[in-house]
Amino acid sequence: MEYNIAVVRGDGIGPEVIREAVKVLNAVGGKYGHTFHYNYVLAGGEAIDETGRCLPDETVSIAKASDAVLLGAVGGPKWDTLPGDERPERALLGLRKELGLFANLRPAMVFDELADASPLKPEIIAGGLDIVVVRELTGGIYFGEKGLKDTDMGPAAYDVEQYSEEEVRRIARVAFDMAMKRNKRVTSIDKANVLESSRLWRRIVAEVAEEYPEVALDNMYVDNGAMQLVRNPKHFDVIVTSNIFGDILSDEASQITGSIGMLPSASLANGNFGMYEPVHGSAPDIAGTGKANPLATILSAGMMLRYTFGLMEEANAIDNAVRAFLKEGCRTFDIATRDTVPLTTSETGDKVASLI
C-alpha cells in the first residue's frame, strides 16, 4: 500500500525528532511492504521566517490532500515578541480548524522500565498506569469570541467559553467508543457547579452515555480531577473534557509518567484523517545537541498507522520496538540513570528501527 503524509518538521528539536520517526516508518514500510510518501510543508516559526506567515495556504492545501499529517513541534523564544495571531503556535490552531481536527487523544502510560522516573509514590503506580485523555480541540474558550472593552475597573480583556450540543456530543462519542475498546469506563471532567457551558456539557455527555450501556460514566469537577490524577490516577481509564481543561489535564497526566518525551498524541477529524505529534514542545535549548528524545514522535507515527491507516500489526510493531528498546536498557538523555550511557537522538532512531 502507498500512503501520502504531510510532514511539518517545525522548530527547535522538531526536525530532529521527525527525522527519526520517518526512519522508523521506513523500516515498517520495508518489512510490511508499504510505501510512505512524505510531503514536507511549512508551519510555525520556520514558516514565518520563510513566508512571513505561520500557516501558509499551501501547507493547508497539501495537508488536506494528504492521508495524514505528522508534525514535530513549533514555536520558540525567537518569535515571542510577535502579536498573538502571528506567533508560531497559532499555526496549530489553524491546522486544527482547517482540517476539522476536533478530537485530541493523549495517552499517558507508565512503562514498567521507567516507573522510577515517575514523581508519584511507587505504591500509587504499582502495576502500571494507562490513561487516555480525550480533549475537545476546536471549540471552547480558545476559539470563542474574544476582545477588549472598557469597564468601571479600567480596560479589560475577555475570552468566551462556548459549546454547542453537537460539539459535545461528537467528542463524547469518541471517548465512549474508545472506552469500549479498553476498560469500559469514562470520566467526564467539567466545572458544572459554576459554568453554564459545563452544565450543557454534562447533560449531553449523560445523553450519549445512554447509547453505551456497557460503559460506566462518572462526572468530576476539574479541580478534583486535577487532584485525583496525582492522588489516585488508577481511577481513570478514559477522560473526556473540554479544550482548556484538556490542555491542562493532559499535560499534568504526561508529567506523572516521568517524561514528556515519551508521550504521543493524535488529533482526529470525522473519518480516518488525523494529525500526529509528540506532546512535548520545540525545546530550542537542546536543539542540535543530540539530546532530544524522539520516542514520543515515533509513537505518534505508530498512532497514525493505527488510527488513520488501520495498520494494526504495523502499529503494534512500533509500540513493541519501543518497549524492547527500554527493556534492553537503552535510554535517551531525559530518562537516563547514573548507570546508563544515553543514546543520541539519531542513535535512538537507529535502534528502534532495527527492532521493528
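Where is the place of H280? Hello everyone, let's start there. H280 lies in the loop between β12, residues 274-278, and α10. Please keep in mind that what we have on screen is a predicted model.

Is H280 buried or exposed? With a relative accessible area of 10%, H280 counts as buried, because the cut-off for buried is under 20%. If we set aside its neighbours within four places in sequence, H280 is in contact with I13, V17, A73, I260, G261, N293, A296 and T297.

Two of those names, V17 and T297, come back when we turn to helix packing. In general, two packed helices are described by the angle between their axes and the distance between the axes. Take α1, residues 14-32, and α10, residues 295-307: they pack at an angle of about 45°, and their axes are 8 Å apart. That angle makes α1 oblique to α10. The crossing of α1 past α10 is right-handed. On the α1 side, the contact is made by V17, I18, E20, A21, V24, L25 and V28, and on the α10 side they meet T297, I298, A301, M304 and L305. Sorted by class, that contact has 10 nonpolar residues, 1 polar and 1 charged.

Now, α1 has another partner to show you. Helix α11 covers residues 312-327, and its axis comes within 11 Å of the α1 axis, with the two crossing at roughly 130°. So α1 is oblique to α11. Here, too, α1 passes in a right-handed crossing. From α1, the residues in contact are V24, V28 and Y32, and from α11 they are E313, E314, A317 and I318. By class, this contact of α1 with α11 has 5 nonpolar residues, no polar ones and 2 charged.

Let me finish with a helix elsewhere in the chain, α3, at residues 57-65. Which residues of α3 are buried? They are T59, V60 and A63. These three sit on the same side of α3, because they cover an arc of only 100° around the axis. As a reminder, an α-helix has 3.6 residues a turn, so residues three or four places apart point the same way. What do the buried residues of α3 pack against? Their partners are the strands β1 (2-10), β2 (35-41) and β3 (68-73), together with helix α4 (90-98). On the face turned away from that buried side, α3 carries the exposed residues D57, E58 and A65.

Terms used
Residues numbered from 1 in each chain as written. Predicted model: local features only at pLDDT ≥ 70, side-chain atom pairs only at ≥ 80, totals over all residues. Heavy atoms only, no water. Axes fitted to C-alpha atoms, helices over the stretch in contact; angles between N-to-C directions. Helix = DSSP H or I, 4+ residues; strand = E, 2+ residues; numbered from the N terminus. Parallel < 35°, antiparallel > 145°, perpendicular 65-115°, else oblique. Left-handed = near helix turned anticlockwise from the far one by under 90°. Contact = heavy atoms within 4.5 Å. Nonpolar A, V, L, I, M, F, W, Y, C, P; charged D, E, K, R; others polar. Buried < 20%, exposed > 50% of the residue type's maximum accessible area, 1.4 Å probe, protein only. Arc of directions from axis to C-beta.
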